[in-house]
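The following note sets out some points on the structure for discussion. Please read it alongside the sequence and the model.

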Amino acid sequence: MTPISTIPIHYYLIFCSTLFCIGVFGVLVKRNALVILMSIELMINSINLLLAAFSAYTNDPAGQILVFFIMVVAAAEVAIGLAIVVLIYRTTHSIDINVLNKLRW
Amino acid sequence: MFTHYIFIFLTILALFSAVMVIASKKPIHSVLFLTLTFFCIAGHYILLNAQFLAVVHVIVYAGAIMVLFLFTVMLLNLNKEERSPKPLWVKIIAFVAGCMLALVLVGVFRGYDIKVATDPAITQIGLVKNLGKILYSEYLLPFEISSVLFLTAMVGATLLGKKEQI
């Protein structure tokens with residue numbers, strides 16, 4: 001059905017899972033709010049790539065449309081997130097997330 | 001075979017730069033490595049014959065989001081190293097947790113046989129013409145709503161960034 005030269009879709013699965021886990025690791029380890037936002041971007045990107053891969057392999061355009069909408073939401077999320085980071089920096093003069101413990105139980 | 005080599009090259013470069021995003025001490029290095037990752041992923045989109053997504057990805061991520069991050073780092077002069085990094089045991093636990101998540105994901109996908117319908121090298125759905133037709137007919141309402149979302153995000157970011165108290 002498919003020629004041998006095609007990249008197996010499992011390669012994409014493994015690659016995107018690894019990228020997602022690197023993002024999870026970054027969120028868990030880093031204290032800088034900016035780097036945490038970047039790790040979230042990494043995770044979103046890995047999901048996007050996997051959606052696009054499945055859409056290309058199963059010949060269904062809905063997946064790529066969904067990737068487009070995810071990109072829209074991610075761009076809005078980054079704009080708001082960075083505005084909040086700027087606000088945090090203005091009030092606490094640091095973007096260390098450990099400063100933000102007022103709501104901690 | 002040639003696409004295989006490109007795939008492997010892009011994958012290794014993307015994973016390396018993703019690791020460097022986390023491993024870099026200074027935020028500006030993280031931003032630049034993140035840009036490299038984005039370009040690698042754009043290359044992956046081209047490999048999948050999703051040209052529309054590749055172009056949009058470069059414009060949105062490598063253009064807009066990277067500039068946003070860079071401006072935040074530079075304007076606020078945030079380019080300092082972390083003063084109090086997390087203790088080692090937290091890092092080890094996070095590493096183990098990440099590895100276990102990867103293991104679970106790969107294990108789940110390994111046992112599942114995916115039916116491949118087409119070869120992505122010959123499929124035509126990723127082209128601008130086809131995606132545009134679908135986007136403006138079937139998905140017109142979400143498309144318009146996303147413009148409202150953008151407007152809301154723009155107003156919100158401006159409101160949050162204002163100096164004086166509201």
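How many residues does α1(A) have, and what span does it reach from its first C-alpha to its last?

1. The structure is a predicted model. In this model, α1(A) comprises 21 residues and spans 30 Å between its first and last C-alpha atoms. That reach is close to the 30 Å expected at 1.5 Å a residue.

2. Between the two chains, 59 residues of chain A are in contact with 71 residues of chain B. On the side of chain A that touches chain B, the elements giving two or more residues are α1 (9–29), α2 (33–58) and α3 (62–92) of chain A. The largest share comes from α3(A), with 19 residues. Sorted by class, this side of chain A has 43 nonpolar, 13 polar and three charged residues.

3. Chain B contains six helices and zero strands, and its elements follow the order α-α-α-α-α-α from the N terminus. Its radius of gyration is 20 Å, well over the 15 Å that the globule rule gives for 166 residues, so chain B is more spread out than a compact globule.

4. Along the principal axes, the C-alpha atoms of chain B fill a box of roughly 50 × 40 × 30 Å. Of the 166 residues in chain B, 23% are buried.

5. Finally, the contacts within chain B deserve a remark. Among those between residues at least 6 apart in sequence, 59% join residues at least 24 apart.

Definitions and conventions: Residues numbered from 1 in each chain as written. Chains lettered and ligands numbered in written order. Predicted model: local features only at pLDDT ≥ 70, side-chain atom pairs only at ≥ 80, totals over all residues. Contact = placed C-beta atoms within 7 Å. Helix = DSSP H or I, 4+ residues; strand = E, 2+ residues; numbered from the N terminus. Nonpolar A, V, L, I, M, F, W, Y, C, P; charged D, E, K, R; others polar. Expected span 1.5 Å × (residues − 1). Rg over C-alpha atoms; globule rule 2.2 N^0.38 Å. Buried ≥ 20, exposed ≤ 12 C-beta atoms within 10 Å, placed from the backbone.
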